[in-house]
Structure formats: C-alpha cells, structure tokens
Amino acid sequence: MIKIKNSEQLVMMQKAGRITGEAILKARDHIKEGISTKELDTVIHDYIVKCGAYPSFLGYGGFPGSACISINDEIIHGIPKKDRILHEGDIVKIDVGARYRGFHGDSANTFGVGKISAEAQALIDATRESFFKGVSFAKNGNRIGDIGSAVCEYASSRGYGVVRQYVGHGVGSELHEDPEVPNFGTAGRGQRLYTGMTIAIEPMINMGTHEVRVLGDKWTVVTADGKLSAHYEHTVAITDGEPVLMTKVE
C-alpha cells in the first residue's frame with residue numbers, strides 16, 4: 001500500500017533526510033587511502049546518533065553495520081569491516097539511512113579514493129546524471145515508468161549496464177515501502193505519482209554487464225563480470241511542482 005504523507009510527516013522526513021545526507025558528507029570527508037570501511041561506518045553511526053536519530057540499516061534484516069559501504073565491483077550492501085581497507089584508485093559507495101521521530105531518509109553516493117581512472121570518474125558522473133534524468137519525471141501525474149525509462153535510456157546510451165535485480169522504493173515510516181521504483185521501464189506505464197508520495201530513486205550502474213551475484217556473506221552484491229559499479233540515491237518527495245530532494249544537502 002502506498003502511503004501519502006501529510007505536511008507534518010514531510011517535515012519529519014525532511015529532517016531525517018538532512019541527517020542522512022550530512023552523515024554521508026561526514027564519511028566523504030574521512031575517505032582516504034588506508035582507512036577501513038568499519039572506521040567510516042563508525043563516523044556515520046556517531047553522527048546520526050549525535051543528531052538524535054538512529055541508523056536505519058543497523059540490525060535491518062540482521063545487517064551488522066550502520067551503513068552499506070561497497071568498493072569497486074561491489075554494487076550494494078557491502079558490510080563494514082576492520083580489515084576492508086581503501087586504496088588509492090578505489091571507488092567507494094556509501095549508502096546511509098537515518099530514522100528520525102519515526103521517519104526515514106535514505107541516500108547513497110559514490111566517491112573516489114585519491115586519484116581514480118578517467119573511466120571510473122565517467123561511470124560515477126553518468127550514474128549521478130542518470131539519477132537527475134530520472135528525477136526530472138518525479139512529478140504529480142507522471143508514472144514510475146517515466147523515471148525508470150529516463151534512467152535506463154541515459155545510462156544504456158553510454159554503454160553501461162543498468163542493474164535490474166535491485167530497485168528503488170517508497171520510503172517513509174518504513175525504510176522500504178511501496179511502490180518499487182526500477183531503474184528501467186516503459187514511459188507512460190506503472191504506478192501513477194501523486195503529491196505526498198516519497199520515494200527513493202537509486203540508479204545502480206555497472207561498467208559492464210547488468211548481471212549481478214551475491215557473495216557468501218549473503219549481503220554483498222557484486223557485478224557478475226568483476227567490473228566497476230556506481231550508485232547514487234536520494235529520497236524524493238512528489239509535490240504539486242518540482243520534486244524535492246530530501247537528502248540532498250549540498
């Protein structure tokens with residue numbers, strides 16, 4: 001069931017979204033060669049708690065971290081570990097959720113560690129741009145398929161693989177709500193968008209194939225061909241006008 005948020009609920013979601021976005025920026029500022037993903041996770045956890053919120057991912061389905069931190073060919077759901085160390089040239093995806101007064105924010109971004117290859121930077125840039133192509137259709141009266149079609153068309157036209165096994169979703173009092181928000185689809189099809197809906201749009205774009213596999217830890221999702229992947233996500237509110245990016249803080 002799709003939950004339409006009222007003005008008071010949207011205010012709470014805006015606050016949760018700001019905390020979420022700020023936590024990602026705190027982690028970004030600590031990214032350097034030699035740091036562990038566990039250390040980054042601690043930065044995120046401590047900031048969220050300091051803000052009077054709770055890390056949405058911690059304990060969710062048994063997940064052991066406060067953030068999903070995924071490196072290079074890892075697409076999503078990377079488990080923070082003391083021995084998972086960042087190296088020059090890596091790209092790292094940081095996916096964060098924060099629950100504040102009963103409502104969640106959910107956001108992700110991809111960052112380079114030191115100097116990265118031109119190909120890696122192009123992938124990061126294209127993933128971010130595919131999000132903005134999609135979110136431009138996140139308006140009252142449009143359909144979910146309009147978003148996914150725009151994301152997929154942009155990324156595919158540049159030769160990238162668009163992950164299909166994992167999708168965006170509604171977000172609100174639950175971390176994952178209806179509707180699903182795929183990064184592919186047919187324009188003019190799918191669930192209609194209404195003012196007061198809040199959704200997480202999150203392109204996961206691979207340098208090679210769109211196919212994925214799950215590692216033995218039952219969490220970490222990687223590209224099937226071992227090539228790089230990037231991730232970009234914001235929690236978005238549908239309004240009578242332009243969409244509001246509730247987790248974007250800069």
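The side chains of His234 and Tyr232 are joined by a polar contact of 3.0 Å. A polar contact here is a pair of N or O atoms within 3.5 Å; within protein, one must be able to donate a hydrogen and the other to accept it, and residues adjacent in sequence count only if both atoms are side-chain atoms. A polar contact of 2.8 Å links the side chain of His234 to the side chain of Thr247. The model is predicted: local features need pLDDT of at least 70, side-chain atom pairs count only at pLDDT 80 or more, and totals for chains, interfaces and linings use all residues. Residues are numbered from 1 along each chain as its sequence is written, and side-chain values use heavy atoms, with hydrogens and water left out.

His234 lies in strand 14. Helices (H or I, at least four residues) and strands (E, at least two) are DSSP runs, numbered from the N terminus. The relative accessible area of His234 is 6%, so this residue is buried. Buried means under 20% relative accessible area, exposed over 50%, and partly exposed in between (1.4 Å probe, protein chains only). Neighbours within four places in sequence aside, His234 is in contact with Asp106, Ser107, Phe131, Ile199, Ala200, Ile201, Leu245, Thr247 and Lys248. Contact means heavy atoms within 4.5 Å.

Strand 14 (residues 234–237) is covered on both faces. His234 and Val236 are buried on one side, Thr235 and Ala237 on the other. In a regular strand the side chains alternate between the two faces of the sheet. Strand 14 pairs with strand 9 (residues 198–201) in the antiparallel sense, over four bridges. Two strands are taken to pair if DSSP finds at least two bridges between them. Within this pairing, Thr235 of strand 14 is the bridge partner of Ala200. Strand 14 also runs antiparallel to strand 15 (residues 244–245), with two bridges joining them. There, Leu245 of strand 15 is the bridge partner of Val236.

A second hairpin is formed by strand 4 and strand 5, with two residues between them. Strand 4 (residues 91–100) and strand 5 pair in the antiparallel sense over 10 bridges. Asp95 stands opposite Ala108 of strand 5. Strand 5 (residues 103–112) is largely enclosed by the rest of the structure, because eight of its 10 residues are buried. Arg101 is found in the loop between strand 4 and strand 5. Its phi is near 50 degrees, a positive value in a residue other than glycine. Arg101 is exposed, with a relative accessible area of 61%.

Three strands form an open sheet in the order 3-12-11, with antiparallel pairing. Strand 3 (74–76) and strand 11 (212–214) stand at the edges. Each has a single partner strand, so one side of each is left without a neighbour in the sheet. Neighbouring strands of this sheet are turned by 40 degrees against each other on average, direction ignored. Strand 3 and strand 12 (residues 221–223) run antiparallel and are joined by two bridges. Val221 in strand 12 is the bridge partner of Ile76.

His77 is located in the loop between strand 3 and strand 4. This residue is not a glycine, yet its phi is positive, at about 65 degrees. His77 is partly exposed, with a relative accessible area of 23%. The peptide bond from Asp178 to Pro179 is cis, with omega near 5 degrees.

The helical contact was examined next. The axes of helix 1 (residues 7–28) and helix 2 (residues 37–50) come within 9 Å and cross at roughly 145 degrees. Axes are lines fitted to C-alpha atoms, for helices over the stretch in contact, and angles run from 0 to 180 degrees between N-to-C directions. The crossing of helix 1 past helix 2 is right-handed. A crossing is left-handed if the near helix is turned anticlockwise from the far one by less than a right angle, and right-handed if clockwise. Helix 1 contributes Ile19, Glu22, Ala23, Lys26 and Ala27 to the contact. Helix 2 contributes Leu40, Val43, Ile44, Tyr47 and Ile48. The residues of this contact divide into eight nonpolar, no polar and two charged. Ala, Val, Leu, Ile, Met, Phe, Trp, Tyr, Cys and Pro count as nonpolar, Asp, Glu, Lys and Arg as charged, and the others, Gly among them, as polar.
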